[in-house]
Amino acid sequence: MEAFFDQTVPWYLVDVPPTNSVMQKLLVEYAGIEEAKVDGHIANIRNKAWRVAPFPCVGSFLFAELVLSTFPVYPEIVSNLKSGTWSRYLEVGCGLGQDIRKLIQDGAPKTSVMGTDLLSGLLESGQELFQDTNALPLDQALFAADFLDTSDSNVLRKAGLDGTVDIIHATMFLHCFDRPTQLRACQRILALLKTQPGVMIVGKQGGVSSTAEGREHPVKGPMGQVGGVVRTNFLHNVDSFRALWDEVGAATGTRWDVQVREEEVMDRGYLYFDEEEHRWLSFVITKL
Ligand SMILES: C[S@@+](CC[C@H](N)C(=O)[O-])C[C@H]1O[C@@H](n2cnc3c(N)ncnc32)[C@H](O)[C@@H]1O
């Protein structure tokens with residue numbers, strides 16, 4: 001079992017990297033952490049979260065990086081939530097949920113933002129990181145659920161979320177799965193969204209350069225062989241990502257404007273995605 005929590009994998013950093021000033025502000029102003037204690041607080045949470053989920057996003061402290069607020073569409077998202085034009089934001093595979101807290105700090109009503117993750121321990125680590133267990137309770141704002149579950153006991157469906165969401169944020173999520181499973185996850189995303197034009201899916205994930213083929217990659221490290229089954233991540237290039245959404249559209253009789261951008265940024269994500277052809281794919285997908 002200890003091999004599962006192996007700290008010698010390249011994506012486990014012993015020390016906290018310098019905290020970005022926006023995240024620092026969020027932890028001080030939203031969470032109320034003393035400025036001098038921010039690094040220690042992050043380290044403490046990471047060490048606990050690693051025992052829940054020895055994932056690259058935990059080991060490399062990527063949960064202390066904000067993604068959504070770097071998107072050009074972010075001011076529009078905040079404005080739609082603040083004005084009530086949109087009533088529901090859901091982040092899928094949210095992990096510790098850092099972008100959810102940034103939205104609240106920027107003025108989105110607490111009642112409009114929600115997150116879901118397979119592991120309740122990660123949601124609880126997020127509550128501890130941001131000191132907001134009462135403001136964002138489990139089963140009301142944060143839902144522990146298998147996103148791929150389509151049974152009647154599906155937690156999100158039972159909470160009445162199907163067909164009610166205006167915007168879904170999926171960062172570092174779809175790439176966790178093989179391609180057939182990504183298709184299922186996208187269909188589940190559609191089931192949660194309202195049916196009207198203008199609803200949106202945004203996010204960022206690991207992918208490959210457009211000079212390479214989108215393809216299945218074995219999941220690295222102990223996480224790759226849970227129960228003896230070798231799992232794969234399908235890493236898209238820009239074209240194969242668009243093709244995935246064409247297939248989702250064809251399967252559901254819907255049409256989507258898919259804006260997807262390839263970026264080459266040497267950040268801590270490279271501790272896991274260390275191939276030369278690795279790229280980040282950022283996307284904004286809008287229902288037509
Ligand atoms: C790479 S982490 C990204 C976390 C977060 N989005 C971030 O960027 O910091 C992927 C997350 O997806 C969650 N996840 C994986 N499979 C899932 C599933 N079937 N249902 C819900 N969440 C899942 C994991 O627990 C993990 O928190």
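I took strands to be DSSP runs of E with at least two residues and helices to be DSSP runs of H or I with at least four residues, both numbered from the N terminus. Two strands pair if DSSP finds at least two bridges between them.

**Basis.** I worked on a predicted model, in which local features need pLDDT of at least 70, side-chain atom pairs count only at pLDDT 80 or more, and totals for chains, interfaces and linings use all residues. Residue numbers run from 1 along each chain as its sequence is written.

**Strand 1.** I looked up the partner of Glu-91 and found that Gly-115 in strand 2 is its bridge partner. Strands 1 and 2 run parallel in their pairing, with four bridges. I then checked burial (buried: 20 or more other C-beta atoms within 10 Å of the residue's own; exposed: 12 or fewer; partly exposed: in between; C-beta atoms placed from the backbone). Strand 1 spans residues 89-92 and is covered on both faces, with Tyr-89 and Glu-91 buried on one side and Leu-90 and Val-92 buried on the other.

**Core.** I define a nonpolar core as buried Ala, Val, Leu, Ile, Met, Phe, Trp, Tyr and Cys residues joined through C-beta atoms within 7 Å. The largest such core holds 70 residues, and Tyr-89, Leu-90 and Val-92 are among those with the most contacts inside it. For contacts I used C-beta atoms, placed from the backbone, within 7 Å. Beyond its neighbours within four places in sequence, Tyr-89 contacts residues including Leu-103, Val-113, Ile-167 and His-169.

**Helix 6.** In helix 6 (residues 120-130), the buried residues include Leu-122, Leu-123, Gln-127 and Phe-130. The buried residues of this helix pack against helices 1, 2 and 5 and against strands 2 and 3.

**Ligand shell.** I listed 19 residues around the ligand, with Gly-93, Gly-95, Leu-118, Phe-147 and Met-172 the closest; near means a C-beta atom, placed from the backbone, within 6 Å. The shell comprises 14 nonpolar, three polar and two charged residues. Here Ala, Val, Leu, Ile, Met, Phe, Trp, Tyr, Cys and Pro count as nonpolar, Asp, Glu, Lys and Arg as charged, and the others, Gly among them, as polar.

**Met-172.** I located Met-172 in the loop between strand 4 (167-169) and helix 8 (179-192). Met-172 counts as buried because 22 C-beta neighbours lie inside 10 Å. Setting aside residues up to four places away in sequence, Met-172 touches Cys-57 and Gln-205.

Technical notes:
Contact = placed C-beta atoms within 7 Å.
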